[in-house]
Every structure is written in C-alpha cells, then in structure tokens.
Amino acid sequence: MRLFIPGKPIQQGSLIARLIRVNGCPKAVLHSHASADLKRWRKTIADAVRAEGHEPIGPYVAVAALFQMPKPKTTKYPLYPAGTPDLDKLQRALGDALTQSGIVEDDARIVRWEVDEVWAGGLDSHSDEPGLWLDVRPR
C-alpha cells in the first residue's frame, strides 16, 4: 500500500510524571502530553489508510515513511528539518495511527522502519506540499 497523506505532520507527545499524594504518600501518575492536533493527525492517517481498502498486513510489517514538513521563513537548518519535531516522535505517532487504522494489528508488528524527515519542496521531497508519503507492506 502506497499513498500520500496531506497535512502538517504532528509528533507524538511525551509521558509526563506528576506526583500526587494518596493517603499522605507520594504517588507518581503518568499523563500523556497529547494535543488535539496529534489526535486529528493520527485520525487523518488512519482514515486515509482505511480508505485504501486493504486487508490487514501481518504478521510482520515493513513501513517506509517520508515526512514532508512545512519550512518556516527562517531556520537554523536550511537543508533538513533537524529540530523539533523529533523524527522518532513522528514515527511513534505514525505507528499508533497504523494500529488505529487496522492495517496492522499492533505497531509492535512493524519490524522494519525506513523513515525520513525533509522540508516540503526541499532536498529529497516528492512534492511542495507538507504531509506524509507512506508505504506499508508485508515483511
């Protein structure tokens, strides 16, 4: 399955530990730092994948992804987006979206990743539009 998903790629949030007191004792509670933009981005990916109409892939899955980021007017990194968002957090959001779509049973089934982050319209990009070029196949 190969497709382009337009939109601004959003990174997965981090877990944040907060201390609370239960009966006077400190207890760590983990909260996900997930924005509404992340939820929309994962849904956009999942909906686009479902629209392709493919059966689930497995048990082993290979994913190739090219994240095309919108380039700001000024940047310290003119050739590639080497700052925020982190590529590994973009990848984690994609894995969760692929699980949400049903194309993979669980993102733990992804045994091969080939992931790049480029400026839309820049070096190694496939178009001027921000978004995600995605290839999912059996491994």
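Modeller: Happy to. One caution at the outset: this is a predicted model.

Biologist: What pattern does the chain follow along the sequence?

Modeller: The order is β-β-β-α-β-α-β-β. That gives two helices and six strands. The C-alpha trace spans about 55 × 45 × 25 Å along its principal axes. Of the 139 residues, 33% count as buried.

Biologist: How many of the contacts between residues at least 6 apart join residues at least 24 apart?

Modeller: The share is 79%.

Biologist: Which strands form the open sheet, and in what order?

Modeller: Four strands, in the order 1-6-4-5. The pairing is mixed. Strand 1 and strand 6 (residues 131-138) run antiparallel. Strand 4 (residues 61-69) and strand 5 run parallel.

Biologist: What makes strand 1 and strand 5 edge strands?

Modeller: Each has a single partner strand, so one side of each is left without a neighbour in the sheet. On average, neighbouring strands are turned by 15° against each other, direction ignored.

Biologist: How do you know that strand 1 pairs with strand 6?

Modeller: Pairing takes at least two bridges. Strand 1 and strand 6 are joined by five. For instance, F4 has W133 in strand 6 as its bridge partner.

Biologist: And strand 4 with strand 5: how many bridges join them?

Modeller: Nine bridges. F67 is bridged to E117 in strand 5.

Biologist: Which residues lie on the covered face of strand 1, and which on the uncovered one?

Modeller: L3 and I5 make up the covered face. R2, F4 and P6 make up the uncovered one. In a regular strand, side chains alternate between the two faces of the sheet.

Biologist: Where do the helices sit relative to the strands?

Modeller: Helix 1 lies across strand 1 and strand 6, at about 145° to strand 1. Helix 2 packs on the sheet and touches strand 4, strand 5 and strand 6. The direction of helix 2 makes about 125° with that of strand 5.

Biologist: At what angle do helix 1 and helix 2 pack?

Modeller: Helix 1 (residues 36-51) and helix 2 (residues 87-101) pack at about 50°, with their axes 8 Å apart. Helix 1 is therefore oblique to helix 2. The roughly parallel class stops under 35 degrees, and the roughly perpendicular one starts at 65. The crossing of helix 1 past helix 2 is right-handed.

Biologist: Which residues meet between helix 1 and helix 2?

Modeller: From helix 1, L38, R42, K43, I45, A46, V49 and R50. From helix 2, A93, L94, D96, A97, L98, Q100 and S101. By class, this contact has eight nonpolar, two polar and four charged residues.

Biologist: Why is E114 called partly exposed?

Modeller: Its relative accessible area is 43%. Buried needs under 20%, exposed over 50%. E114 falls in between, so the label is partly exposed. E114 belongs to strand 5 (residues 110-119). Beyond its neighbours within four places in sequence, E114 is in contact with V63, A64 and A65.

Biologist: How far apart are E114 and I57 in space?

Modeller: 17 Å, C-alpha to C-alpha. In sequence, E114 and I57 are 57 residues apart.

Biologist: What about D124: buried or exposed?

Modeller: D124 has 52% relative accessibility, which is over 50%, so D124 counts as exposed. D124 lies in the loop between strand 5 and strand 6.

Biologist: What is the phi of N23, and of D124?

Modeller: Phi is near 55° for N23, a residue other than glycine. D124 is not a glycine either, and its phi is about 65°. Both values are positive. Most residues other than glycine have a negative phi.

Biologist: Which peptide bonds are cis?

Modeller: Among them is the bond joining G58 and P59, with omega about 10°. Another runs from T84 to P85, with omega near 5°. P59 is in the loop between helix 1 and strand 4. P85 is in the loop between strand 4 and helix 2. Most peptide bonds are trans.

Notes: Residues are numbered from 1 along each chain as its sequence is written. This is a predicted model: local features need pLDDT of at least 70, side-chain atom pairs count only at pLDDT 80 or more; totals for chains, interfaces and linings use all residues. Side-chain values use heavy atoms; hydrogens and water are left out. Axes are lines fitted to C-alpha atoms, for helices over the stretch in contact, and angles run from 0 to 180 degrees between N-to-C directions. Angles under 35 degrees count as roughly parallel, over 145 as roughly antiparallel, 65 to 115 as roughly perpendicular and the rest as oblique. A crossing is left-handed if the near helix is turned anticlockwise from the far one by less than a right angle, and right-handed if clockwise. Contact means heavy atoms within 4.5 Å. Ala, Val, Leu, Ile, Met, Phe, Trp, Tyr, Cys and Pro count as nonpolar, Asp, Glu, Lys and Arg as charged, and the others, Gly among them, as polar. Buried means under 20% relative accessible area, exposed over 50%, partly exposed in between (1.4 Å probe, protein chains only).
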